[in-house]
Amino acid sequence: MMSPADRERSTRRHVAVAAAAVPLLVLAGCSSSAADGGATEITFLTSNDAPNPETAEALAEAFEAENPDVRVDVEIRPGGAEGDNLVKTRLSTGEMADVFYYNSGSLLQALNPDSSLVDLSDQEWVGSLTEEFVPVVSTEDGTYGAPLGAAFAGGVVYNRSVYEELGLTVPQTWDEFMANNEKIATEGEGIAPVIQTYGETWTSQLFVLGDFANVLAVDPEWAEQYTAHQRSYAEEPALLGFQHQQEVAEAGYFNEDFPSATFPDGARMIAEGEGAHYPMLSSVVQTIMQNTPDGVDDLGFFALPAAEAEHTQATIWQPNAVYVPASTEGAELEAAKAFVAFVNSAAGCDIQNELLVPAGPYAGTCDLPDDAPPLLDDIQAYVDDGRTANALEFLSPVKGPNLEKVTVEVGSGIRSAEDAAAFYDQDVESQAKQLGLEGW
Amino acid sequence: MLAPVTTEVRPGRRRRTAGSTSATQRSIYPSWFYLPAAALYLVFFAVPTFASFYFSLTRWTLFDTEFIGLENYVQFFSEPQLLQGFVNTLVYGFVTSGAKVVLGLALAVLLTSQLVGRGYLRSVVFFPVLVSTIGVGITFKALLDPFDGVVNTMLAAFGIDGPGWFTDPDQALLTIAAVDVWKGLGIATLIYIAGIVAIPQEYYEAARVDGASRWQQFRSITLPLVQPATATVIILSLIGGLRSFDLIWATTGGGPGFTSDVIGSVIYKQYQAGFYGLSTAGNVILFLVVTAVMVPISILLNRKEVDR
Amino acid sequence: MRRAGSWIAGLVAVLASVVVFLVPFVFIFLTAAKDPADASRLEFSWPRSWAFGENLTEVLTTRDGIVVRAFVNSAVLTVVSVVIMVILAAMVGYLLQRRRSRLNPIVNFFVLAGLIVPPAVVPTIWVLQRLGLFKTMPGLILIEATFGLSFCILLFRAFVATIPRELDEAAIIDGAGPLRLFFAVILPLLRPVIITVVVVQAVTVFNDFTNPLYFLPGDENATVQLTLYNFQSQMVSQFNLLFMDILLITIPPLVMYIFFNRQIVAGMTSGAVKG
């Protein structure tokens, strides 16, 4: 359950109480004045994560320029769980915007796409989607979403300068990774070997979620078996993620202020070399581009190392997508479909490249720009080698709501890895029961 | 059921009016005065609440519901963090309520005495009530940051190693409770001030004539006569404290881990996760818990008042 | 001797209040006046450069002045819902105290239940939709009024007890009907408690965000608390704007309180004297 739209998740705890359908000003009164007589108006709902509103506005503007008889009004919603709720509530009450931006994978499946969304499988752009992406926006009965933004990877974002200075090489196994940490701790002069930022709890999950491709490398059946309640985190290989986090915590490799540091703090620390490793999503480059752009070229990426080098793979998050709800009809539906297609047109891709800084390969028609951050080459290498797997949320609907709490506990030494994994299995059980899955 | 807030009813008056027949009562005080409020209450509160009792017996995904009997309740009680949530809820409710009673009364006594800067103090104590919970949460997270926060920086200047406040598992809940008291103290003080000024000055004058000390005056006049205000403060703050989760959510989100989770935040997390049936069941349980705590307490408070 | 003691106690109290109650406000104010980089450190310090005006302008103009529109929305919401709340709750509290009937325990029970039971969001949305009030300002106004009823009824019932029944009887003898009795005689006498209720409830409604979020989603309808989201984008630190927004939305309740402050206390005292 981690993706850009999700990033708000715990960040905004304070406001999460509230969560807001914050409107992007669309002065509704002025828009339908006499001049544009029969214009079709559609609304586009996106999340409030920093590049999204700007991207949405730019897409709307460019689309309007190409289609003078259509007006696109951008609306903004909170991200994270609050946003999930809002989307579900609006869909179930038939009040959804004409086009909306949302997660792919199991979060999409939770929206009952067959009954709540418009099937887009007859659209031209569908043919260009990657085979990894199609299943995460499809059910047996249809394909519902067009990608907006690029895929990204979960693993270790590291600082190349620190690596060069200390003569380190990219680790292939967990032991090599720990050896690197040891060297950074002793010779790094105050550089934190591993950055953790529990001021925003979602960031604590990477040791577990980013390790998932490694779990699949050991046990290719794991995801299906997990959904069927035949696998658990309390057993290896999945338990290793928790254990690795505990190991790093116990060795004291974290930055001193890890309990209260925030995601932007972590982004700054890795970019400026205050820390050497940040287990994170590669999309952290977007934040770094915004806040400390000079540091982007210093960053590299490697997959969280497995116990054995042969099992080390990168975990990939498929991009979010734009969807059309079933409540959109008539002229608005035509305009909505045209807008969805526009997102993946040449003009749409230019806007994506400019504003949504790609942090991994695209899933549709778009091509990466020439000046993409070097970290993307590292990710591309895993893709080219075929050493990647989709994150668990794209393969199984099962995910407990409290993972981020449990991983904070492991990282803070409140709970042991084994306890935490068992606790999380129990948490997952309540979710699976709520979904009414078989075998739980 | 609840005690009067501002002043007590003088027994003499009640006796006098007991003579009016219920017929004249009915014409002077017509029942339809209840109607507008009752209509709102029924439509916007009672109906949804009863609907939620039904929904608590279903697996409910917003798109469809499936009747599953008491399964949600079974599941709610098997939530691993629930026990701690229960304990935390009671601790939080009683600590904040107790602190508001003690500090509110103390401040009210102080602010009704002849004191320099009384007007200023009365205003300033009430200021935090005016800030939204979000605003308070954001501000105190910054002030109490264990590394760069103002409070710990100042403590460090005195050579004290400040605690982790919101990030220390042992302290997070109490820190939030303290902020809650900071924010809610103004209301408690206001109610107490109203109660104290309602006490006839003659009592104090008589006591002074008898040579009673300040403390004796407080013990034997203020404390007993301000009891209705105490009842109101306890009831309002305890209900608020037991149901509360918004400040917790705005500061720690129930963390670190689950150490500051209360029933309210567990329910909210389930709601966020889309477990609507489960979280509605939790709501019903929270309602029962609050009732179980409040009914004996309000009976006790009312009886005390009658005794007097 | 006594005078000196009162001076010292007062001085100590004033000093303590400055530390405990004013420092957080000063912190909000100072952060609101900083430039972005300075503000992001969240230190309690004098701004390196004084950017109060710029921040104010930026907050007010963000997203075509959403903050300004939110202020209008919140003002309408607060005023109308508090008026409804006060009149309806005063009627109930008055009747509840004056008339002894078998209804009383039931009404008391519902009042307490209204305080205790947490409102159920989705069923409430469902009801609002049936009534065609979902996503409308009137819908949210009625919701806020309903949720505030219990608290107001409690206060009114207690206060009505301090108004002598002789007044009712005198008015009836003068030929007043129940309506005139209530609106022309009782309601004006309730002024002190009305002020208390208005202040407390206006602050509650103005500062509410959960209800506007769920019952009034949509674009033109943001209320002030929801605007905090605009400045919470985590990608770029905008703490200066965030705190400026907090500062701005704290001003209306603050002004209202300062305006009514004397009357709250004075009004309560007069009520007590009558009692």
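Helices (H or I, at least four residues) and strands (E, at least two) are DSSP runs, numbered from the N terminus. That lets us say where H229(A) sits: in the loop between α12 and α13 of chain A. Keep in mind that this is a predicted model, where local features need pLDDT of at least 70, side-chain atom pairs count only at pLDDT 80 or more, and totals for chains, interfaces and linings use all residues. Residues are numbered from 1 along each chain as its sequence is written, while chains are lettered from A and ligands numbered from 1 in the order in which they are written.

**Chain A as a whole**

- Chain A has 21 helices and 13 strands.
- Its C-alpha trace spans about 70 × 50 × 40 Å along the principal axes.
- The radius of gyration (taken over C-alpha atoms, with a globule rule of 2.2 Å times the number of residues to the power 0.38) is 22 Å for chain A, which agrees with the value near 22 Å for a compact globule of 440 residues.
- Buried residues make up 61% of the 440 residues in chain A. Here a residue is buried if 20 or more other C-beta atoms lie within 10 Å of its own, exposed if 12 or fewer, and partly exposed in between, with C-beta atoms placed from the backbone.
- Two residues are in contact if their C-beta atoms, placed from the backbone, lie within 7 Å. Of the contacts in chain A with a separation of 6 or more, 79% link residues 24 or more positions apart.

**Two domains in chain A**

- Where they meet, domain 1 of chain A gives 17 residues and domain 2 of chain A gives 23 residues.
- On the domain 1 side, α1 (8-11) and α6 (106-109) of chain A are the elements giving two or more residues, and α1(A) has the largest share with three residues.
- That side of domain 1 of chain A has eight nonpolar, six polar and three charged residues. For these classes, Ala, Val, Leu, Ile, Met, Phe, Trp, Tyr, Cys and Pro count as nonpolar, Asp, Glu, Lys and Arg as charged, and the others, Gly among them, as polar.

**A sheet in chain A**

- Five strands form an open, mixed sheet in the order β2-β1-β3-β12-β6 (chain A). Two strands pair if DSSP finds at least two bridges between them.
- The edge strands, each pairing on one side only, are β2 (70-77) and β6 (146-147) of chain A.
- Strand β1 (residues 40-47) of chain A runs parallel to strand β3 (residues 99-102) of chain A, and two bridges join them.
- If you want a pair to look up, L45(A) stands opposite F100(A) in β3(A).

- Most residues other than glycine have a negative phi, and most peptide bonds are trans.
- E189(A) is not a glycine, yet its phi is positive, about 50 degrees. E189(A) lies in the loop between α9 (174-187) and β8 (192-194) of chain A, and is exposed, with 8 other C-beta atoms within 10 Å.
- H229(A) also has a positive phi, near 70 degrees. H229(A) is partly exposed, with 16 other C-beta atoms within 10 Å.
- E236(A) and P237(A) are joined by a cis peptide bond, with omega about 5 degrees. You'll find P237(A) in the loop between α12 (222-227) and α13 (239-250) of chain A.

**How the chains touch**

- Chain A puts 36 residues in contact with 32 residues of chain B.
- On the chain A side, α2 (13-16), α5 (80-92), α20 (403-412) and α21 (417-435) each supply at least two residues, and α5(A) has the largest share with seven residues.
- That side of chain A has twelve nonpolar, 15 polar and nine charged residues.
- Helix α5 of chain A also holds L86(A), which is buried, with 22 C-beta neighbours inside 10 Å.
- The contact between chains C and B takes 80 residues from chain C and 73 residues from chain B. The chain C side divides into 59 nonpolar, 15 polar and six charged residues.
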